[in-house]
Amino acid sequence: MLSINHLDIRYGEKHLFKDVSVAVHPSDRIGLVGVNGTGKSTLMKIMAEQTAADDGVVNRSKLFSVSYLPQEPSLISSGRTLYEEAVQAFADLLKLQKEADQLNEVLSSADVEGDQFNELLERQGRIQQLLDTSAIYTIRTQTEKVLFGLGFSLKDLQKPVASFSGGWIMRLLLAKMLLQSPSLLLLDEPTNHLDLDSLTWLESFLQTYHGAMVIISHDRTFLDRTTTQTWELSLGRLTAYKGNYSKYIEDKEERRRIEKASYDNQQAHIRQTMRFVERFRAKSTKARQVQSKLKQLDRLDRVELAEEEHSIRFSFPPAPHSGRDVLMVESIAKSYDDNKVFEHIDLNLQRGDKVAVVGVNGAGKSTLLKILAGLLPSDGGSIRMGSGVQMTYFGQHQAQELAPDFTVLESLSHVAGDMTMTRMRSLLGAFLFRGEDVDKKVSVLSGGEKSRLALARMIAVPANCMLLDEPTNHLDMLSQEVLQEAMRQYDGTIIVVSHNRYFVDCFVNKVLEIKNGKVSLFDGTVDEYVERQELIAQQESVTNSREAEVEDNRRPNQASRKEKRRQEALRRERRRQLAGPWLKKLAEAEKKVEKLELLKEELEAELADPALYQDSAGWSEVNEKYNNCTRRLDRWMNRWEEAQTKIDGIDSGDPGEQ
């Protein structure tokens, strides 16, 4: 167990931590959340003892090991290959193995009658016993499993570590941590450099991890699937909630509602008491009662409302009108020397399409966006834009490319065209640059502030087709949700590359997959795309297993009764694997349908109220909520029916439903 007791850190008048006390117990799975600047990374560094704290603040049980993955890991200059560096996670075991080999060599030529022979033999026995109960014989299997799961290939194993970029070094450090299997994993934005395949693999790995973990992540889906507790840092205080991020949001709203009701009731009581005091203060006959009332107020435990953190609030301006066809791509290709990124890509996007581009790192997602934006030439083919299309581009490193000597206001004014000073200040205010903040030099801004400024610059340019490469980097969760809602309401075309599934899943209606140099376009959300890919993988696994069974059955007299029982157990396990995901989806759909049906009934009751028709704005708002609820209910009903159909097919042995 690890505990933090009465952590208090102040910078000037600002409290970074105000009497924070928390504890991590074995198997805890904690999401650490809060807006940028609240001290999440600092708290994690204190837990990892990377940042000093006062004596007695951090306490750790004996044999409780901690591993920490920073948000920006340092480079490794060991001179080892990828595999050699990864197996350093087993350094203690490898050292034991080396000692065992040396002892075996010494014993092979030692004098049996010598004084030290028995001592060497006893030492060799103890070491061998330790090795026999360890993972020494599965080191290579474990190492390759984790490295391949995080996106490395077989040919990468023998490459020198120095040849990998910072993002891949982060994956290597993460792999070493997972292989070390510490009591507590501290992960600061572990998904930043992961593609969709590696991200889903990491989720599965962490779901079965035996130790505790504390995770900072701006990926809501990742937190929902890997955590069961949530710690919120806000205005110097830490509040612990049970449940994952989505449950935390629900509980936080409920807690705020209860606090507000208690506050209002208490304020009403205080006002009523003060009216009595003011009315009878001058009357001697009421003096004792007045003093009694005042003493009651003095003893009253005042309810205080939690302060609200600021978050960005904005919406995109209406997209300029364009023709129905927005982007027509025919047979484009791109290579770098002998490395073929993609070829023969055809694509036709129409007005209102919102597309998420997915693929492993290096597949060419960012390259494709740059080619579409005209920032990078293709090696062939053609790109045509439709009538009236006005395109804008937000690059993955756009924030780092801002001119450092400009002020915030100057940086915006260089792209704002004829926008008035008042409108520019209003736009910057929406991104939390208020008052004197607009006069700050870009060079002194934090990563999150630079990202907000880069987004403000993009919004200042009217467009009906937006190309966005990782727009949520360095944005906190609240800011992401506001940007997400703005994109959902945006009436233009969006093509977005993002590792944050929850962010894109709310507004995209198509998924463009880049794989092995080819592209495929899928209708639906990223979650639906991932579900399809998982189902395809399961079907391929079952097909391969069945083919192996058929081949085995062709061999005469090879199966004993024991082997037949083993095969039957394997068939049952495959059946469980097939039905398991659909049972999970069925339960989720049933829960959503029940919740949405209740909401629909409530909205229908509101719409039936004659008084609502007197308020046109109120009626429009409720009607929009009702239509949105109906659409969502239909969608979840379809998912429920699909899951039930699949389960029925699996239970009946129908291969078409598997």
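Close-up 1. The largest cavity has a volume of about 60 Å³, where a cavity is a set of points on a 1 Å grid over the protein atoms alone at which a 1.4 Å probe fits but cannot get out. Volume here is the space filled by probe spheres set on the points, with grid points joined across faces, edges and corners. The model is predicted: local features need pLDDT of at least 70 and side-chain atom pairs count only at pLDDT 80 or more, while totals for chains, interfaces and linings use all residues. Residues are numbered from 1 along each chain as its sequence is written, and side-chain values use heavy atoms, leaving out hydrogens and water. To find the largest cavity, look for Glu531, Trp582, Lys585, Glu588, Trp636, Arg639, Glu642 and Ala643, which line it; lining residues have an atom within 4 Å of a point. Helix α19 (616–652) gives the most to this lining, with four residues.

**Close-up 2. The second largest cavity.** This one holds about 40 Å³ of space. Its lining is made up of His218, Arg220, Met477, Gln480, Glu481, Gln484, Asn500, Tyr502 and Phe503. Both α15 (477–489) and α16 (501–505) supply at least two of the lining residues, and α15 gives the most, with four.

**Close-up 3. Lys334 in strand β10.** Lys334 sits in β10 (residues 325–336); helices (H or I, at least four residues) and strands (E, at least two) are DSSP runs, numbered from the N terminus. Is Lys334 buried or exposed? Lys334 is buried, with a relative accessible area of 7%; buried means under 20%, exposed over 50% and partly exposed in between, using a 1.4 Å probe and protein chains only. The side chain of Lys334 reaches the backbone oxygen of Pro377 at 2.9 Å. Leaving aside neighbours within four places in sequence, Lys334 is in contact (heavy atoms within 4.5 Å) with residues including Val341, Phe342, Ile371 and Asp379.

**Close-up 4. Helix α1 and its buried side.** In α1 (residues 40–47), the buried residues are Lys40, Leu43, Met44, Ile46 and Met47. They cover an arc of only 160° around the axis, so they lie on the same side of α1; the arc is that of the directions from the helix axis to the C-beta atoms. After α1 comes Glu49, with a positive phi near 60°.

Notes. Polar contact = N/O pair within 3.5 Å; in protein donor to acceptor, adjacent residues only side chain to side chain. 1 Å grid on protein atoms, 1.4 Å probe; cavity = no way out; pocket = protein on both sides within 12 Å on 5 of 7 lines; lining within 4 Å.
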